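Reader: I have a structure open and want to go through it with you. Can you take my questions as they come?

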Amino acid sequence: MLSGKRVHLTENAWIEGGCGGATTKAWEQSRAWRFKTAATFMRSLLPMRSGIGSCGAGCNGNNPAMIVLEYPGLVSIPEYIAGEETSGVKHEFIGGLVYAMGGFSNQHNTIALNGLVFLHSHFRGKVFQAFNSSTKVRIEFPDHTRFYYPDAMVVCKSNPPTDHFQDQPVVVIEVLSDSTRRADLGEKRDAYLMLPSLKVLIFVEPEKPLVTLHRRKSGGGFAIEHHVGLDAVIPLPEIEASLALVDLYGRVEFA
C-alpha cells in the first residue's frame with residue numbers, strides 16, 4: 001500500500017553509476033495504478049526499463065531521471081468515472097494515468113472538516129454551495145484532462161446532481177501534508193490556477209496556523225497572501241464570507 005503518499009513517477013527514481021549507460025532505480029513506492037476493468041483496479045507495479053542513455057550535461061549521482069514505463073494502456077475518462085464509483089480507494093486522473101490516494105492524519109482531516117463546516121453553515125440560503133473531498137474537480141487542458149480531489153471547494157454554478165465532479169469551483173482549499181506538499185504546491189496549484197472560474201486558492205499548513213492564499217486580481221493573474229496566527233481573519237468577499245483561523249484550526253493542537 002502507498003500509506004497516504006501520492007505517487008510521482010520520477011520523485012524516487014535516481015541515476016545510478018554515472019552518466020554513461022545509466023540505469024534507473026525505482027523505489028518500491030513508485031507504482032503506476034490503472035484500471036483492470038471499468039470497476040476494478042490493477043495494483044501491479046508496471047515493468048520499467050532504463051533505456052535512457054546519457055543523462056546529459058551536469059549529470060551526477062543525485063539527478064532525477066525520467067522513467068520509461070511500459071503501460072498496458074491508458075484509462076479512458078468513462079472507465080475512470082465508473083471505477084471510482086465502486087473503488088474503496090480514491091484516485092486522481094491525469095491524462096489517462098490513475099494515481100491512488102491514501103489516508104491522512106487526524107489533524108489534516110480535522111482542519112479540512114473545520115473548513116467544510118464553516119463553508120456549509122455560511123452558505124445556507126445563498127447561491128454558493130460547498131463540497132467535501134469526495135467530489136472531484138475536472139480540469140480541461142488542450143491535450144488532456146485531469147481530475148483532482150481537493151479537501152474542500154465552493155461553487156456558484158454547480159454541475160448536474162448526477163455528475164461526480166465539478167467544473168467551475170470558485171474557491172478551492174487544500175490542506176498540505178508531507179506526502180502531498182510537492183504535488184499540491186506544484187502540479188496541482190498550477191492546474192487549479194488555470195480554471196477560469198477560480199477566484200481563490202487556499203493552502204493550509206497543518207502544523208502551524210499559516211494559510212497561503214492565491215487571489216485572482218481584477219487585472220488578471222493572482223496575488224499571493226499569507227495569513228499567520230490564530231487571530232488572523234481571511235476576508236473572502238468573493239463568496240461573501242470571512243474565515244477566521246481560530247475556527248479553521250479548531251480542536252487542533254500544535255507541537
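This is a predicted model: local features need pLDDT of at least 70, side-chain atom pairs count only at pLDDT 80 or more; totals for chains, interfaces and linings use all residues.

Reader: What share of the contacts is between residues 24 or more positions apart?

Author: Among contacts with a separation of 6 or more, 53% are between residues 24 or more positions apart.

Reader: On to the sheet. What is the order of the strands in the open sheet of six?

Author: The order is β9-β12-β14-β15-β16-β17, and the pairing is mixed. At the edges are β9 (129-132) and β17 (222-228), each of which pairs on one side only. From one strand to the next, the twist averages 15 degrees.

Reader: Take β14 and β15. Which way do they run, and how many bridges join them?

Author: They run parallel, joined by five bridges. Ile 173 has Ile 202 of β15 opposite.

Reader: What lies across β9, β12, β14 and β15?

Author: Helix α2 does, at about 160 degrees to β9.

Reader: Now the inside. How many residues are in the largest nonpolar core?

Author: It has 29 residues, and those with the most contacts inside it are Leu 119, Val 171, Ile 202, Val 204, Val 211, Ile 239 and Tyr 249. At least two residues each come from α2 (106-122), β12, β14, β15, β16 (210-216), β18 (233-236), β19 (241-244) and α4 (245-248).

Reader: Which of those gives the most to this core?

Author: α2 gives the most, with five residues. Another core, of 17 residues, lies apart from this one and includes Val 137, Leu 176, Tyr 192 and Leu 201.

Reader: Back to Val 204. What does Val 204 touch, not counting residues up to four places away in sequence?

Author: Val 204 touches Ile 111, Ile 173, Glu 174, Val 175, Leu 176, Leu 210, Val 211, Leu 248 and Tyr 249.

Reader: Ala 152 next. Where is it?

Author: Ala 152 is in strand β12, residues 152-155. Its relative accessibility is 2%, so it counts as buried, the cut-off being under 20%.

Reader: And which residues is Ala 152 in contact with, leaving aside neighbours within four places in sequence?

Author: Leu 119, Phe 131, Val 171, Val 172 and Ile 173. Leu 119 is 33 residues from Ala 152 in sequence, with 9.0 Å between their C-alpha atoms.

Reader: Which side chain does a polar contact join to that of Glu 92?

Author: The side chain of Lys 188, at 3.0 Å. Lys 188 is in helix α3 (residues 181-192) and is buried there, as are Ala 183, Asp 184, Gly 186, Ala 191 and Tyr 192.

Reader: What covers the buried residues of α3?

Author: The cover includes β7, β10 (136-140), β11 (145-148), β14 (169-175) and β15 (200-204).

Definitions and conventions: Residues are numbered from 1 along each chain as its sequence is written. Side-chain values use heavy atoms; hydrogens and water are left out. A polar contact is a pair of N or O atoms within 3.5 Å; within protein, one must be able to donate a hydrogen and the other to accept it, and residues adjacent in sequence count only if both atoms are side-chain atoms. Buried means under 20% relative accessible area, exposed over 50%, partly exposed in between (1.4 Å probe, protein chains only). Helices (H or I, at least four residues) and strands (E, at least two) are DSSP runs, numbered from the N terminus. Contact means heavy atoms within 4.5 Å. A nonpolar core is a set of buried Ala, Val, Leu, Ile, Met, Phe, Trp, Tyr and Cys residues joined through side-chain atoms within 4.5 Å. Two strands pair if DSSP finds at least two bridges between them. Axes are lines fitted to C-alpha atoms, for helices over the stretch in contact, and angles run from 0 to 180 degrees between N-to-C directions.
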